[in-house]
Amino acid sequence: MRRADQLGKLDGLIIPGGESTTMGLVAERWGLVNPLRRWVSQGRPVWGTCAGLILLADRATGQKRDGQPLLGGLNVSVDRNFFGSQRDSFEAELEVAGWDAPSPAVFIRAPAVIETGPDVEVLAEWTDPDGNAVQVAVRQSHILGTAFHPELSGDLRWHRLFLNMVEAGAATQVNRSGP
């Protein structure tokens, strides 16, 4: 999807990992920020992984000097580079609420959720060797956010969760004409 008029053809949207500042600047240049904000505010299913989580957050810390555009909609604060630089990337096993087995997670220069609103469900936390926990997967209604890259783990349960959200959203959408 590169144009705002293409949003109306989608049932769900995944905002991938990458460099959130650059993604925000490109979205501004292409006139996508406000159409994407409308998409989120209309209750359309959206999943942000890593940088996508940052863009969906209502608030972000650790931004570059002039900040970056946020799409918002997810009532969380994120720390953009919570886990450090690229060389601090790692893999972990996460206990996920309601799942019978841990989920592998790949963290690449990842953010973390440092504050959640009352309407946000925490799905998974990562705990460091000292026992300090930080939130790394959250859901708020039609918005899913993961600080890690599920597409790199081979565990399809995150993808199934999002597909279920898309199917539920498609069943409740009355106006499919777009943002």
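This is a predicted model: local features need pLDDT of at least 70, side-chain atom pairs count only at pLDDT 80 or more; totals for chains, interfaces and linings use all residues.

Visitor: Why is threonine 49 called buried?
Guide: Buried means under 20% relative accessible area; threonine 49 has 3% relative accessibility and therefore counts as buried. This residue lies in strand 2 (residues 46-49), and, not counting residues up to four places away in sequence, threonine 49 touches Ile15, Pro16, Gly17, Thr146, Phe148, Pro150 and Glu151.

Visitor: What makes you say that both faces of strand 2 are covered?
Guide: In a regular strand the side chains alternate between the two faces of the sheet. In strand 2, Val46 and Gly48 on one side are buried, and Trp47 and Thr49 on the other are buried as well.

Visitor: Which residues have the most contacts inside the largest nonpolar core?
Guide: They are Leu94, Phe107, Val136 and Trp158, in a core of 48 residues. The largest share of this core, 5 residues, comes from helix 4 (residues 157-172).

Visitor: Why does phenylalanine 107 count as buried?
Guide: With under 20% as the limit, phenylalanine 107 qualifies because its relative accessibility is 1%. Phenylalanine 107 is found in strand 6 (residues 103-107), and its contacts, leaving aside neighbours within four places in sequence, include Phe83, Leu94, Trp126, Val136 and Phe148.

Visitor: Why is the pair of phenylalanine 83 and tryptophan 126 called edge-to-face?
Guide: A search of the whole structure finds 10 aromatic pairs. For phenylalanine 83 and tryptophan 126, the ring centres are 5.2 Å apart and the planes stand at 80°, so the pair is edge-to-face; the limits are centres within 6.5 Å and planes over 60 degrees apart. The pair links distant parts of the chain, with phenylalanine 83 in the loop between strand 4 (74-79) and strand 5 (90-94) and tryptophan 126 in strand 8 (residues 121-127), 43 residues apart.

Visitor: Are phenylalanine 83 and tryptophan 126 buried or exposed?
Guide: Phenylalanine 83 counts as buried because its relative accessibility is 12%, and tryptophan 126 counts as buried because its relative accessibility is 18%; the limit is under 20%.

Visitor: What makes phenylalanine 148 and tryptophan 158 an edge-to-face pair?
Guide: Phenylalanine 148 and tryptophan 158 lie 5.4 Å centre to centre, with 65° between the planes, and edge-to-face requires planes over 60 degrees apart. Phenylalanine 148 sits in the loop between strand 10 (143-146) and helix 4, tryptophan 158 in helix 4, 10 residues apart. Phenylalanine 148 is buried, and so is tryptophan 158.

Visitor: Which residues do ring pairs link into a cluster?
Guide: The cluster consists of Phe82, Phe83, Phe90, Trp99, Phe107, Trp126, Phe148 and Trp158, linked by ring pairs.

How values were computed. Residues are numbered from 1 along each chain as its sequence is written. Side-chain values use heavy atoms; hydrogens and water are left out. Helices (H or I, at least four residues) and strands (E, at least two) are DSSP runs, numbered from the N terminus. Buried means under 20% relative accessible area, exposed over 50%, partly exposed in between (1.4 Å probe, protein chains only). Contact means heavy atoms within 4.5 Å. A nonpolar core is a set of buried Ala, Val, Leu, Ile, Met, Phe, Trp, Tyr and Cys residues joined through side-chain atoms within 4.5 Å. Rings of Phe, Tyr and Trp (its six-membered ring) pair if their centres lie within 6.5 Å; planes under 30 degrees apart count as stacked, over 60 as edge-to-face and the rest as tilted.
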